[in-house]
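Subject: Structure handover

Dear colleague,

Please find the structure below, with notes on what was found in it. The notes follow directly after the structure.

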Amino acid sequence: MERDLFEKAIRELKPYLWYSSLYFQGEPFLHPDLFSFIRMMGNTRTIISTNGHYLGGDNAAAAVQSGIYKLIVSLDGMDQESYSRYRVNGNMAEVMEGIRRISREKEKVDSPMKLELQFLVNKYNEHQIPLAGAFAGEVKATLKLKSMQVIDGHDAGEWMPSERKYSRYEKSGGKLSIKNKLPSRCLRLWLNPVITWDGKVLPCCFDKDAEYVMGDLSSESFRDIWHGARFKEFRLKVLSERRSIPICRNCSSGMRNVEL
């Protein structure tokens with residue numbers, strides 16, 4: 001995102017923000033202005049999620065001292081083989097060392113920043129959950145076990161863990177389908193809009209390919225988009241026929257008894 005666009009968004013939205021997630025389908029540490037963006041958030045609780053490959057050099061100290069409320073690091077396996085099943089070409093050792101570096105920096109300056117390790121549970125790594133828990137304890141982090149979202153339902157069987165509570169999907173009539181009953185309601189539409197790098201406003205983070213653009217912040221105000229016809233129509237459709245919306249049919253919002 002260009003700095004001018006970010007500043008425009010913050011000027012309008014900051015008075016209404018309880019927290020902000022400065023990431024969406026990308027790696028925030030690749031942005032050259034990341035830390036200045038974080039500083040602009042002031043007292044707003046800012047959350048960053050990273051794949052953990054860019055916590056070397058000065059980044060660990062800068063992250064800890066930047067004012068981030070929570071840093072989430074993806075660690076989806078406890079050996080290189082299981083880790084790279086999902087994180088293709090990723091380097092698990094590099095990520096673990098980056099996490100340790102963050103932990104040391106937090107301790108050095110007595111930082112209140114929360115450190116969370118996110119473990120995307122699948123059939124290749126579910127047996128390593130105790131190891132992930134032990135590592136989280138070592139680095140004084142919280143371990144978050146997360147069920148895996150599969151964009152193409154036909155691929156769910158390849159990844160689905162044996163423990164039912166870790167799977168978003170179940171077999172029904174020989175097919176895999178999401179366990180969510182998909183009631184016609186969703187708080188995300190009133191609490192968690194997304195602004196993409198180029199200013200498109202989306203209803204929520206499940207619109208990963210920006211198929212449901214509610215407006216463009218580069219040419220409109222957020223208030224006009226939020227109260228605009230497209231957003232109103234979309235909310236009404238969710239409240240009447242949520243199952244008919246493709247991005248909603250793979251959504252975990254409202255799901256119970258599953259690690260999310």
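Arg3 counts as partly exposed, at 33% relative accessibility; the classes used here are buried for under 20% relative accessible area, exposed for over 50%, and partly exposed in between (1.4 Å probe, protein chains only). The side chain of Arg3 meets that of Glu7 in a salt bridge, 3.3 Å from N to O. A salt bridge here requires a side-chain nitrogen of Lys or Arg within 4 Å of a carboxyl oxygen of Asp or Glu. Glu7 is likewise partly exposed, at 24% relative accessibility. Helices (H or I, at least four residues) and strands (E, at least two) are DSSP runs, numbered from the N terminus.

This is a predicted model, in which local features need pLDDT of at least 70 and side-chain atom pairs count only at pLDDT 80 or more, while totals for chains, interfaces and linings use all residues. Residues are numbered from 1 along each chain as its sequence is written, and side-chain values use heavy atoms, with hydrogens and water left out.

By the rule above, the count is 10 salt bridges. Another of them joins the side chains of Asp76 and Arg87, at 2.7 Å from N to O. Asp76 is in the loop between E3 and helix H4 (80–86) and Arg87 in the loop between H4 and H5, so the pair ties together parts 11 residues apart in sequence. Asp76 is buried, with a relative accessible area of 0%, whereas Arg87 is partly exposed at 22%.

Within helix H5, Glu97 and Arg101 are four residues apart, about one turn of the helix. Their side chains form a salt bridge of 3.8 Å, N to O. Glu97 is partly exposed, with a relative accessible area of 29%, and Arg101 is partly exposed at 24%. Together with Arg104, these two residues are linked in a network of salt bridges.

Next, the sheet. Five strands make up an open sheet in the order E1-E2-E3-E4-E5, with parallel pairing; two strands pair if DSSP finds at least two bridges between them. Strand E1 (19–21) and strand E5 (142–147) are at the edges with a single partner strand each, so one side of each has no neighbour in the sheet. On average, neighbouring strands are turned by 25° against each other, direction ignored. E4 and E5 pair in the parallel sense over six bridges, and Thr142 in E5 is the bridge partner of Glu116.

The largest nonpolar core has 39 residues, and Leu75, Ile99, Ile102 and Leu117 have the most contacts inside it. Such a core is a set of buried Ala, Val, Leu, Ile, Met, Phe, Trp, Tyr and Cys residues joined through side-chain atoms within 4.5 Å. Elements giving two or more residues to this core include helix H1 (3–13), strand E3 (70–74), helix H5 (92–109) and strand E4 (114–121). Apart from this core lies another, of 17 residues, among them Ala9, Val201, Trp226 and Ile247.

Two residues other than glycine have a positive phi. For Gln25, phi is near 55°; this residue is in the loop between E1 and H2 and is exposed, with a relative accessible area of 53%. For Leu182, phi is near 50°. Leu182 sits in the loop between strand E7 (175–178) and helix H8 (188–191) and counts as buried, at 5% relative accessibility.

Regards

Conventions
Axes are lines fitted to C-alpha atoms, for helices over the stretch in contact, and angles run from 0 to 180 degrees between N-to-C directions.
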